[in-house]
Amino acid sequence: LKNGMPVLSASEFYEREHSRLDLPAKFQGQLTSKNQEWKEFLFDRFGGQPWSPLKTVVLDPSITVYESSSSNKKDDLKQGKNPVDFQALQNKPVIHYPSCHGPNGDQGIYRYLGQIANSVLFADKQREVQFKRFWRDHIHYPREVFEAASHMIAKMGLFAYSAVHIRRNDLQYKEVFQNAKATLRNIDQLLYPGETLYVATDETNDGFFDALREKHTVYQWKDVVQEAQHIQYSDKVINIIEQTICAGGRRFFGTQKSTFTSYIFRMRGYIGAPDTNEYWHNIQYTGMESLDTYAQPKVTGHNYMMEDPSMWEDLGNDESHQ
């Protein structure tokens with residue numbers, strides 16, 4: 001991230017700005033992520049931008065310029081949102097985004113939950129591409145995630161297996177749950193006979209996936225532990241190691257309404273997977289492209305659980321990508 005934009009920690013911000021902004025001395029050396037008093041002070045002093053991406057859209061470079069533009073307008077992504085711009089903020093000493101401030105994030109207005117592709121709309125297509133390039137090039141998982149994932153991917157072969165994310169336990173949308181036989185029925189026509197599968201899941205019953213094992217070789221996290229046993233990584237990154245493994249599949253089937261699934265779709269777009277369609281194991285596919293295309297999601301400005309393919313399609317064969 002620091003290669004793409006200037007970044008300060010809270011402590012660095014305090015040391016650099018405490019005199020100019022008259023920041024209280026009691027915060028010096030006390031700025032941990034759990035310092036609620038500091039967070040409340042910032043909101044009281046500098047306010048906040050109630051710009052939930054589900055309720056608000058930033059128009060670049062300004063509302064006036066965007067609305068008068070005819071070449072890159074996306075009215076469907078703006079529909080039902082309050083347009084804002086940065087014009088009125090340019091002279092503020094601090095622009096403050098207080099994530100989830102207040103009870104329930106003040107009903108969501110300070111909860112910055114949304115798809116980045118439609119949080120800002122641009123009058124200039126080139127600025128939009130630069131914006132999307134920034135997210136691809138500067139927001140990365142740590143190196144150990146890719147090192148651990150690479151061992152399992154190498155065992156199965158990059159794009160030589162398919163992957164499935166089956167979320168079973170902590171997802172609040174229980175209507176997307178189903179048994180493994182139903183999953184196999186839904187995705188079978190898009191798999192090769194006997195194709196190797198990687199299953200990322202929070203299901204704790206190992207026998208739950210026996211229906212998949214009857215027709216396919218199935219690998220799971222326990223196999224990653226064996227393959228990557230010499231790689232040092234924290235337990236906190238296990239889930240994103242599995243995301244990376246899923247991204248390396250020929251095809252990927254996610255769980256509907258899961259943001260874990262959603263980012264895998266974007267990772268696959270970034271690395272140029274052979275099939276970047278967004279499939280879910282909860283939907284039955286026919287294997288006929290002319291029919292299955294109707295099951296592809298419609299991107300809106302109000303659904304944060306679906307990835308916008310423009311995040312990678314707009315970049316194309318970007319020569320700046322290293």
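Reader: Which residues in α6 are called buried, and what makes them so?

Author: In α6, the buried residues are Glu128, Val129, Lys132, Phe134 and Arg136. They are called buried because each has under 20% relative accessible area, found with a 1.4 Å probe on protein chains only. The model is predicted, so local features need pLDDT of at least 70 and side-chain atom pairs count only at pLDDT 80 or more, whereas totals for chains, interfaces and linings use all residues. Residues are numbered from 1 along each chain as its sequence is written, and side-chain values use heavy atoms, without hydrogens and water.

Reader: What do the buried residues of α6 pack against?

Author: They pack against β3 (120-122), α12 (259-271) and α14 (310-313), where contact means heavy atoms within 4.5 Å. These helices (H or I, at least four residues) and strands (E, at least two) are DSSP runs, numbered from the N terminus.

Reader: How do you know that the span of α6 agrees with its number of residues?

Author: The expected span is 1.5 Å times one less than the number of residues. For the 14 residues of α6 (125-138) this gives 20 Å, and the end C-alpha atoms are 20 Å apart, which agrees.

Reader: What makes the lining of the largest cavity nonpolar or charged?

Author: Lys74, Leu77, Ala117, Val120, Leu121, Phe122 and Glu128 line this cavity. Ala, Val, Leu, Ile, Met, Phe, Trp, Tyr, Cys and Pro count as nonpolar, Asp, Glu, Lys and Arg as charged, and the others, Gly among them, as polar. The lining therefore has 5 nonpolar, no polar and 2 charged residues. A cavity is a set of points on a 1 Å grid over the protein atoms alone where a 1.4 Å probe fits but cannot get out, and lining residues have an atom within 4 Å of a point. Of this lining, β3 gives the largest share, 3 residues.

Note on methods
Buried means under 20% relative accessible area, exposed over 50%, partly exposed in between (1.4 Å probe, protein chains only). On a 1 Å grid over the protein atoms alone, a cavity is a set of points where a 1.4 Å probe fits but cannot get out, and a pocket is an open set with protein on both sides within 12 Å along at least five of seven lines; lining residues have an atom within 4 Å of a point.
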